[in-house]
Amino acid sequence: VKNKKTQDKREKSNFRNEIKLLRKELKEREEAAMLESLTSANVVLATNTAVPLETPGSLFPPGASADGPLKLLPESYFDVVVIDECAQALEASCWIPLLKARKCILAGDHKQLPPTTVSH
């Protein structure tokens with residue numbers, strides 16, 4: 001009975017290790033696929049925000065995430081970044097794409113949404 005329990009524990013440990021390795025491989029493959037997609041595209045459209053919930057201890061406001069696919073690209077990778085509805089955008093979320101381009105175009109329509117200031 002004791003040998004059976006020891007063998008079961010070993011099997012569980014082996015399964016956990018295999019699952020850990022498979023998850024790591026999956027993450028590496030996903031990142032490689034995202035990087036391939038981003039680097040082969042002529043134009044990339046994205047939102048500044050990627051995480052819908054507030055992350056405790058985050059430097060970014062609720063919704064902003066520096067941990068999205070753009071993290072795979074070096075700084076100044078893009079020629080131009082365009083931020084539409086910039087009067088509605090939070091400054092912290094704008095820094096995510098701004099750091100990936102050499103030039104920036106801020107766009108907005110004064111006849112649509114008014115400028116908004118949100119302070120935490």
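How many bridges join strand β1 to strand β2, and are the two strands parallel or antiparallel? I found five bridges between β1 (residues 78–83) and β2 (residues 101–106), which run parallel. Two strands pair if DSSP finds at least two bridges between them.

**Basis.** I worked on a predicted model, in which local features need pLDDT of at least 70, side-chain atom pairs count only at pLDDT 80 or more, and totals for chains, interfaces and linings use all residues. Residues are numbered from 1 along each chain as its sequence is written, and side-chain values use heavy atoms, with hydrogens and water left out.

**Fold.** I counted two helices and two strands, in the order α-β-α-β along the sequence. Helices (H or I, at least four residues) and strands (E, at least two) are DSSP runs numbered from the N terminus. I noted 15% of the 120 residues as buried; buried means under 20% relative accessible area, exposed over 50%, and partly exposed in between (1.4 Å probe, protein chains only).

**Strand pair.** I looked up the partner of Ile83 and found Leu106 in β2. From β1 the chain passes through helix α2 (residues 91–98) to β2, a right-handed β-α-β crossover. Right-handed here means that, with the strands pointing away from the viewer, the path from the first strand over the helix to the second runs clockwise.

- Arg102 and Asp79 meet at 2.4 Å, N to O. This pair links distant parts of the chain, with Arg102 in β2 and Asp79 in β1, 23 residues apart. I recorded both residues as exposed.
- Glu25 and Arg29 meet at 2.8 Å, N to O. They are separated by about one helical turn because they are four residues apart in helix α1. Glu25 is partly exposed at 33%, whereas Arg29 is exposed at 57%.
- Lys4 and Asp8 have their closest N and O atoms 3.8 Å apart. Both lie in helix α1 (residues 2–40).

**Record check.** I found that UniProt, in an unreviewed entry, places a "coiled-coil region" at residues 5–32; such annotations may be inferred rather than shown by experiment. In the model, this span is 100% helix and 0% strand, and its end C-alpha atoms lie 41 Å apart.

**Loop.** I placed Ala87 in the loop between β1 and α2. The C-alpha atoms of Ala87 and His110 are separated by 8.9 Å.

Key
A salt bridge is a side-chain nitrogen of Lys or Arg within 4 Å of a carboxyl oxygen of Asp or Glu.
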